[in-house]
Amino acid sequence: VIPYRRLLVVGAFIGLVECVSGIVPARADEPCLDSDAELGAAGRRKGVQKRDFLKRLRLEMSAWGGFFASDLLSTSYDYGGAIAFYPGEDFGFEASLVVTPFDLAVERPLTQFFAGQTFKKSLAFIAVGNLLWSPIHLKVRVSEKSIAHGDVFFAIGAGDTISQTVQGITFDAGIGLKLYANRFLAVRFDLRDYLMIQEAVAIER
């Protein structure tokens, strides 16, 4: 049986959390008053905005940190990173590495029935390659005179989990959100599902 695993990965470039605070929605009936500013006079909405930059031929590096939740092992923290390249505006390729402890806390009360510990805690390395698709570009108002741009993207791919408890190929799929402070810095949120065959204490899932 292949399990359904969830991994919430929050990848952030340092110092950008404040760029998404204080978001205030603009009214749909506000007129455009200043054609030279990104927002109209007095912060009124201007309408459709051009992107600050294009992702075509763009290389991105991300740092990740979050939580790993498994239906067989204990929930734990994780960390890692990814590197992505976009040959076009909507599609890209990504290679990522996630490191997380594999532990089975529920097994500890049963060790008195066995000769010593039956499950050893260890680090697992999840390395996968993904195809990225960014069909949605969005913008949010972060102050009276500025707009933050972002992308909603989907990821699907496969790779390998380096651990004694995992057998075969690891598949993953997920959805994510990027909010750009500028063309060089962004805050990224990911929700990934990793599917793998895993065995621990003679239980296979």
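**From a loop into the strands**

Tutor: Let's start at Leu-57, which sits in the loop between strand S1 (6-12) and strand S2 (58-69); strands here are DSSP runs of E of at least two residues, helices runs of H or I of at least four, both numbered from the N terminus. This is a predicted model, in which local features need pLDDT of at least 70 and side-chain atom pairs count only at pLDDT 80 or more, while totals for chains, interfaces and linings use all residues. Residues are numbered from 1 along each chain as its sequence is written, and side-chain values use heavy atoms, with hydrogens and water left out.

The backbone of Leu-57 deserves a look: its phi is near 60 degrees, a positive value in a residue other than glycine. Is Leu-57 buried or exposed? Leu-57 counts as exposed because its relative accessible area is 54%, with over 50% called exposed, under 20% buried and anything in between partly exposed (1.4 Å probe, protein chains only).

Now step back to the whole chain. Of its 205 residues, 38% count as buried.

Ser-96 is buried because its relative accessible area is 5%, and Thr-100 is buried because its value is 0%. Setting aside residues up to four places away in sequence, Ser-96 touches Trp-64, Gly-81, Ala-82, Ile-126, Ala-127, Val-128 and Asn-130. With the neighbours within four places likewise left aside, Thr-100 is in contact with Phe-68, Ser-76, Tyr-77, Asp-78, Ser-122, Leu-123, Ala-124 and Ile-126. Thr-100 and Phe-125 are 25 residues apart in sequence, and their C-alpha atoms are 6.8 Å apart in space. A polar atom of the Thr-100 side chain also lies 2.8 Å from the backbone oxygen of Tyr-77.

On to strand S5 (residues 122-143), where Arg-141 has its place. Arg-141 is buried because its relative accessible area is 14%. Its side chain has a 2.9 Å polar contact with the side chain of Glu-144 (N or O atoms within 3.5 Å, one able to donate a hydrogen and the other to accept it, and for residues adjacent in sequence only between side-chain atoms). The Arg-141 side chain also reaches the backbone oxygen of Ser-143 at 3.3 Å.

A search of the whole structure finds one cavity of 30 Å³ or more; on a 1 Å grid over the protein atoms alone, a cavity is a set of points where a 1.4 Å probe fits but cannot get out, and lining residues have an atom within 4 Å of a point. The largest cavity has a volume of about 60 Å³. Its lining is formed by Arg-51, Asp-52, Phe-53, Lys-55, Glu-89, His-137, His-149, Asp-151 and Tyr-180. These divide into two nonpolar, two polar and five charged residues.

Key. Contact = heavy atoms within 4.5 Å. 1 Å grid on protein atoms, 1.4 Å probe; cavity = no way out; pocket = protein on both sides within 12 Å on 5 of 7 lines; lining within 4 Å. Points joined across faces, edges and corners; volume = space filled by probe spheres on them. Nonpolar A, V, L, I, M, F, W, Y, C, P; charged D, E, K, R; others polar.
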